[in-house]
2 protein chains.
Amino acid sequence: MLCYIHLYILKKSGSLIKDYFIFVGKLMKYCKVNFTFMDVNSYMDGKEQLERVRERVIETIAKNMNLYGITDSIGRLYGMLYFHNQPMTLDEMKEELGMSKTSMSTSVRTLMDLKMVEKVWKKGTRKDLYLAEEDWHQTFIDFFSIKWRTGISMNIAAMTKSIIELERLEKSEEIDEEVRSAAKVDITKMKAALSYYEWLNRLVDSFESEEIFDFIPKNKEEL
Amino acid sequence: MLCYIHLYILKKSGSLIKDYFIFVGKLMKYCKVNFTFMDVNSYMDGKEQLERVRERVIETIAKNMNLYGITDSIGRLYGMLYFHNQPMTLDEMKEELGMSKTSMSTSVRTLMDLKMVEKVWKKGTRKDLYLAEEDWHQTFIDFFSIKWRTGISMNIAAMTKSIIELERLEKSEEIDEEVRSAAKVDITKMKAALSYYEWLNRLVDSFESEEIFDFIPKNKEEL
DNA sequence: AACTTTGTACAGTAAAAACTGAACGTACTG
DNA sequence: CAGTACGTTCAGTTTTTACTGTACAAAGTT
C-alpha cells in the first residue's frame, strides 16, 4: 500500500518538530518511509499566505496596544478591523474572533471611546457598523489627549489646593519649626510637580493642535 | 450627666454625614443634645494637617500613575518616597505602607526598571537604600523611552517582514486577481503603519535627546 | 398589536494579577 | 566557622479583571 502523509510544521514551534520526529520514528518500525522536505510556502496558496501574514501583523499590533494598557482581545479586534476594509457588524466580529457578542459590544465601545473606531451608517441594514480609524497619527493624538487630560487637570487641582493649604500652615504662628520646614520642602516639591503638569499640558496642546508635526514631521523627508 | 461627643466627619464621604445624622436622631430620643459645628482644621495640629495633605497628594499621584499602567500600590510607594526626603529601606517602606516586604521588594524593582527610583549607598548600613527620582520631566522621558522603544522596533520588524512577503506574493503570477488586489491594499496599510512607527521613533528620539524641550520649554516663561 | 431583530445590562464564572509568608541563598559579623 | 541580617524566590491565597450567557429594552417589521 502506498500512502502519502503531509505534515505541515510551523517553524516557530520547536516542540512540534520534535514530536514529528518521534512520530516518524514509530512509523518506521512498521512501514518503509520516504522523506521529502519541502518549503511550506509553495504548498500554500496565495489567500492562505495573505491570511497568515495578516494574522501575524494583527498579533503584533495587539501586543503593542497591550503596552498602552489595552487588552489583547481589544487590540486584536482593532487590528482585525484595520485590515478588514469594509465596516463590520458585531455579529461578524463575533464570528471572526470566536468571542461572545457581549464582548464585542463592550470592546468596540472601548475603542470608540478612544476614537480608534467609528460607527458608520449604511442604508438598508439595521445593524450597527463599525470602521477602524486608519490614521495612526490621529489615533495617537486622540489616545493621549483623552487619557491624559483628565489626569492632568485633576493633579493640577490637587496640587494647587495642597500648596495653598500648606502655605497657610507655613505662615501660621502656632506650629513648631520642624513642621514649618517640612511644609516648606513639601511646597517646593509640589510646585515642581505643578510645573511638570503644566509642561505636560502644553505637550498635549501641541498634539491636539497638531503643532507637534511642525517639530516632528510625519514624513522623514519633510524639512 | 454631661457628656461631650466629638465627631470628625470627612467632607468627601456623603454617606458618613447621613449616618451621623441618623445616629444623632436616635441619640436625641434619650438625651438633650447640643450641636456645635466646628472647622475640623482648627482641631488638627500642624503635623497632622501636613500628613493629611501629603496623603491626599500621594493618592492623587498614585491615581495618575495608574493611568500609565502602574499599580496603585506601586504608585503610592513612589509618591511616598517622593515626599520622604531621606532614602528608605525596604523595612521602612513596609512599615510605612503596611505591606509585606516581598511586595516592597518587587515594587521597588519595578520603579527602578522605570528609573523612577534609584538605589543609593550609605556607609554603615547593610540595608539597601532607595531614593525617588525627583525630576518628573526626566521620569517622563525615561518612562516612555523604556516602554516604547522595544515595542516600536518589534513592530517595525514585523511590518517590514510582512511587506516584503506580500510584495513577493503580489508579484507572483500564480495567484488570482482578488488576492493580488487584497495584498496591494494590505501593503499600503502596512506602509502607512510603518511610517507612523518611524514618526513615533523620531518623537522618542526628541525625548531622549531632550530636544523636545526646545519645542515645549520646561517653563512657561521661556521663549 | 404581536413578533423579530439588535444591542446592552447584569450576574455569574473563568482567568489573571497582586499580594503574602515561609523558605532559601548570600553576604556580613563575631 | 557558626550565627545573623538581608533581599529574593516560590507556592499558595486573595483580589481584580475579563469574559460569557441569559434576560431585557428599544426599534423595526408584519
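Me: Which helix gives the most to the negative patch, and with how many residues?

Reply: The helix that gives the most to the negative patch is α5(A), with 3 residues. This is a predicted model, in which local features need pLDDT of at least 70 and side-chain atom pairs count only at pLDDT 80 or more, while totals for chains, interfaces and linings use all residues. Residues are numbered from 1 along each chain as its sequence is written, chains are lettered from A and ligands numbered from 1 in the order in which they are written, and side-chain values use heavy atoms, leaving out hydrogens and water.

Me: Which residues gather in that patch of negative charge, and where do they lie?

Reply: A patch is made of residues with over 30% relative accessible area and no salt bridge, with like charges joined within 9 Å and nonpolar side chains (Val, Leu, Ile, Met, Phe, Trp, Tyr) within 5 Å. Here the surface patch gathers A:Glu51, A:Glu55, A:Glu92, A:Glu95 and A:Glu96, and the elements of chain A that give two or more residues to the patch are α3 (46-67) and α5 (90-97). One of its members, A:Glu51, lies in helix α3 of chain A and counts as partly exposed because its relative accessibility is 36%, where buried means under 20% relative accessible area, exposed over 50%, and partly exposed in between (1.4 Å probe, protein chains only).

Me: How many helices and strands does chain A have, and in which pattern do they follow?

Reply: Helices (H or I, at least four residues) and strands (E, at least two) are DSSP runs, numbered from the N terminus. Chain A has 9 helices and 2 strands, and along the sequence they follow the pattern α-α-α-α-α-α-β-β-α-α-α. Of the 223 residues in chain A, 39% are buried, and its accessible surface (Shrake-Rupley method, 1.4 Å probe) comes to about 13800 Å², of which carbon and sulfur atoms hold 54%.

Me: How many salt bridges does the whole structure hold, and which residues are linked with A:Glu59 in a network?

Reply: A salt bridge places a side-chain nitrogen of Lys or Arg within 4 Å of a carboxyl oxygen of Asp or Glu, and a search over all chains finds 24 of them. In one of these, the side chains of A:Glu59 and A:Arg76 meet at 3.3 Å, N to O, and this pair links distant parts of the chain, 17 residues apart, from helix α3 to helix α4 (residues 72-83) of chain A. A:Glu59 is partly exposed because its relative accessible area is 31%, and A:Arg76 is partly exposed too, at 27%. A:Glu59 and A:Arg76 are also linked with A:Asp72 in a network of salt bridges.

Me: With which residue does A:Glu165 form a salt bridge, and is A:Glu165 buried or exposed?

Reply: A:Glu165 forms a salt bridge with B:Arg56, the closest N and O atoms being 3.5 Å apart, and the pair crosses between chains, from helix α7 (residues 136-171) of chain A to helix α3 (residues 46-67) of chain B. A:Glu165 is buried, with a relative accessible area of 11%, whereas B:Arg56 is partly exposed, at 27%.

Me: Which residue forms a salt bridge with B:Arg54, and how far apart are the closest N and O atoms?

Reply: The partner of B:Arg54 is A:Asp186, with 2.7 Å between the closest N and O atoms, and this pair too crosses between chains, from helix α3 of chain B to helix α8 (residues 177-208) of chain A. B:Arg54 counts as buried because its relative accessible area is 17%, and A:Asp186 is buried as well, at 0%.

How values were computed:
Lys, Arg positive; Asp, Glu negative; His and termini not counted. Charge placed at Lys NZ, Arg CZ, Asp CG, Glu CD.
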